[in-house]
Amino acid sequence: MLSCCPMRMSLFAMGFLLVILQPCTGQFPRACANTESLLRKQCCPPWDGDGSPCGELSSRGSCQDILLSQAPLGPQYPFSGVDDREDWPSVFYNRTCQCKGNFMGFSCGECKFGFSGVNCTERRLRTRRNIFQLTTSEKDKFLAYLNLAKRTLSRDFVIATGTYAQMSHGSNPMFQNINVYDLFVWMHYYASRDTLLGGSNVWRDIDFAHEAPGFLPWHRVFLLLWEREIQKITGDENFTIPYWDWRDAESCVVCTNEYMGGKHPTNPNLLSPASFFSSWQVICTRSEEYNSQQSLCNATSEGPILRNPGNNDKSRTPRLPSSAEVEFCLSLTQYESGSMDKMANYSFRNTLEGFADPRTAISNISQSSLHNALHIYMNGSMSQVQGSANDPIFVLHHAFVDSIFERWLRRHRPLREVYPAANAPIGHNRENYMVPFIPLYRNGEFFIPSRELGYDYEYLEEPALGSFWDFLIPYLEQARQIQAWLIGAAVIGGIITALFTGIALACRKKRRGTSTEIQPLLIESEDYNNISYQSNL
Ligand SMILES: *[C@@H]1O[C@H](CO)[C@@H](O)[C@H](O)[C@H]1NC(C)=O
Ligand SMILES: *[C@@H]1O[C@H](CO)[C@@H](O)[C@H](O)[C@H]1NC(C)=O
Ligand SMILES: *[C@@H]1O[C@H](CO)[C@@H](O)[C@H](O)[C@H]1NC(C)=O
Ligand SMILES: *[C@@H]1O[C@H](CO)[C@@H](O)[C@H](O)[C@H]1NC(C)=O
Ligand SMILES: *[C@@H]1O[C@H](CO)[C@@H](O)[C@H](O)[C@H]1NC(C)=O
Ligand SMILES: *[C@@H]1O[C@H](CO)[C@@H](O)[C@H](O)[C@H]1NC(C)=O
Ligand SMILES: *[C@@H]1O[C@H](CO)[C@@H](O)[C@H](O)[C@H]1NC(C)=O
């Protein structure tokens, strides 16, 4: 059942005919958005390379039953069997492609993050750069890519425009085409939308991407996928998203017509007509309407991007975040804590997300700090969770948030087991699959340094230490992480430990003062009795 993708064509997007393709399919692989796949509950499309499901004939992968985590969930969501996102993706599919080696993708047709080449054997390392360090032509290229994404229908994915029940359990598929940019807006909406309980009832305390430990891994995958889709539609395999380093900014310095759009001359809630973003239409912003109709966002255009930076409620968010707040946040040693939601105290995740006071790490939901502060500050499309990705500032902002997550990972070097295995809010346990991605990704898989996923941040790159150190550092890092274990090992292990420790110390001394991660903590001994709370983005 195709309902046409109702994208209104703006003047600026003219010249591009949006061809509505065949009846289609969601964040769902197009190849699996049909009655047959839904009724069989199987999403194992053929790989283009050899025509076999999951590229099985080429040993890329095979079609397997999904294995769901049985770990208990937290108490925040008191229902079961009422939301399509529970035990993702089992309501829709119970068999998907399981890829081998470095292969990835819904049909194992792609490489894992950080790999490339026909057999996915070449390691890649790309650098995300500060948007203000791009040359004019690089920056213009980035803006053009965004615009292209907004005008290009996704080849591989479609969105669901109805719930599984509304689709009559698969016999009446409801899917629709979407452009590549809006696919990501929709996925962010779908992960954060309310549970529809029938009648006019909804459950609001649910979110598969926010207010819980999965917040950082979820947005990490989201940006990696977004980056990859841009690479695919532009053919620019080296594309990376830039970031906006907003620490200590006194205003929205990316809000100019050269960058993400300046203010409209007469309406302060709109973008300047001189920015092509003023012609963009938003989707998925009317949550109350969807709730009252018990329907899903179907990507109908809902008007222009709204933004009025700095017009926000100052008692909630007095200003953009400071460097000192970021440093304090990085000094927190616990990734997650307590109830693992927005009430968590001393949680790195909750503090970075912005529900805890960035001077004390005590939860205060009447404040919006760090990550949340940016959303609230923009006072428009960015400020409502479900529709926030409509504003392209979202991408720059989340790249920087991810870089802070990355600094924390590099500083504290947690084992994967530090990510909570059980009792997190629904969808946020370590082994849960993240909603609404297909292929499947578990939260815990992205709790690792970004270089293992094939990317780094310009401002975090290690200073050149010469090829000897470049070669040795990964081993030293490993050695440090497993030191305790090594010491307990056999004599030879002890000798190796001593050797590596010696080198590690020498190396650390050498790096001190040059790497951002080894700076002294600015506010480590802040007064923990100074309580303040935080808010709801
Ligand atoms: C998967 O779903 C199909 C269709 O409902 C069902 O027949 C099959 O038993 C399920 N398989 C598993 C492993 O749950
Ligand atoms: C990729 O793998 C196939 C099958 O193993 C092999 O025949 C081919 O030579 C490989 N190609 C490259 C470029 O490594
Ligand atoms: C991407 O970067 C690699 C390595 O720097 C280079 O060899 C390649 O030509 C680049 N590709 C494109 C499309 O620019
Ligand atoms: C899409 O959703 C809007 C708002 O919820 C609704 O008014 C409209 O009828 C829907 N369109 C289709 C084709 O379902
Ligand atoms: C903008 O800020 C005002 C307070 O200054 C607030 O009432 C309003 O809800 C905000 N709008 C959005 C979209 O965040
Ligand atoms: C967080 O700390 C504050 C202040 O100590 C306390 O009142 C509150 O109960 C704590 N919250 C949780 C969830 O432990
Ligand atoms: C929470 O933040 C508000 C607004 O900044 C502040 O007035 C209040 O005192 C804080 N509450 C606590 C318990 O710190």
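**Walking through the model**

Guide: Let's begin with residues 391–402: over that stretch the chain is 83% helix and 0% strand, with the end C-alpha atoms 18 Å apart. Helices (H or I, at least four residues) and strands (E, at least two) are DSSP runs, numbered from the N terminus. This is a predicted model, where local features need pLDDT of at least 70, side-chain atom pairs count only at pLDDT 80 or more, and totals for chains, interfaces and linings use all residues. Residues are numbered from 1 along each chain as its sequence is written, chains are lettered from A and ligands numbered from 1 in the order in which they are written, and side-chain values use heavy atoms, with hydrogens and water left out.

Visitor: Which UniProt annotation covers residues 391–402?
Guide: The unreviewed UniProt entry has "domain: Tyrosinase copper-binding" on residues 210–227 and 391–402. UniProt positions are given in the numbering used here, feature names are shortened, and annotations may be inferred rather than shown by experiment.

Visitor: And what's the chain doing over residues 210–227?
Guide: That part is 72% helix and 0% strand, and its end C-alpha atoms are 21 Å apart.

Visitor: OK, sheets. What's the strand order in the one with β4?
Guide: The order is β2-β4-β3, an open sheet of 3 strands with mixed pairing. Two strands count as paired if DSSP finds at least two bridges between them. β2 (42–43) and β3 (61–65) each have a single partner strand, so one side of each is left without a neighbour in the sheet.

Visitor: How many bridges between β3 and β4?
Guide: There are 5, in the antiparallel sense, with β4 spanning residues 95–99. One of the facing pairs is Gly61 opposite Cys99 in β4.

Visitor: Which cysteine is Cys63 bonded to?
Guide: Cys63 forms a disulfide with Cys44, the sulfur atoms 2.0 Å apart; the cut-off for a disulfide is a pair of cysteine sulfur atoms within 2.5 Å. The pair links distant parts of the chain, 19 residues apart: Cys44 is in the loop between β2 and β3, and Cys63 is in strand β3.

Visitor: Right-handed or left-handed?
Guide: Right-handed, because the torsion about the S-S bond of Cys44 and Cys63 is about 75 degrees.

Visitor: How many disulfides does the structure hold?
Guide: It holds 7 disulfides.

Visitor: Switching to ligand 1: which residues are around it?
Guide: Leu39, Lys41, Asp65 and Asn94, where near means a heavy atom within 4 Å. The protein covers 36% of the 360 Å² of accessible area that ligand 1 has on its own. That area comes from the Shrake-Rupley method with a 1.4 Å probe.

Visitor: What does Asn94 do there?
Guide: A polar side-chain atom of Asn94 lies 2.3 Å from an oxygen atom of ligand 1.

Visitor: Back to strands. Where does β10 sit?
Guide: In an open, antiparallel sheet of 3 strands, ordered β1-β10-β11. The edge strands are β1 (28–29) and β11 (175–176), each pairing on one side only. β10 (residues 157–160) is joined to β1 by 2 bridges, with Pro29 facing Phe157 and Phe28 facing Val158. On the β11 side there are 2 bridges as well, and Ile159 stands opposite Gln176 there.

Visitor: What do β12 and β13 form?
Guide: A hairpin with 2 residues between the strands, and Gly199 in the turn has a positive phi of about 60 degrees. β12 (residues 195–198) and β13 (residues 201–203) pair in the antiparallel sense over 3 bridges, with Leu196 opposite Val202.

Conventions:
Polar contact = N/O pair within 3.5 Å; in protein donor to acceptor, adjacent residues only side chain to side chain.
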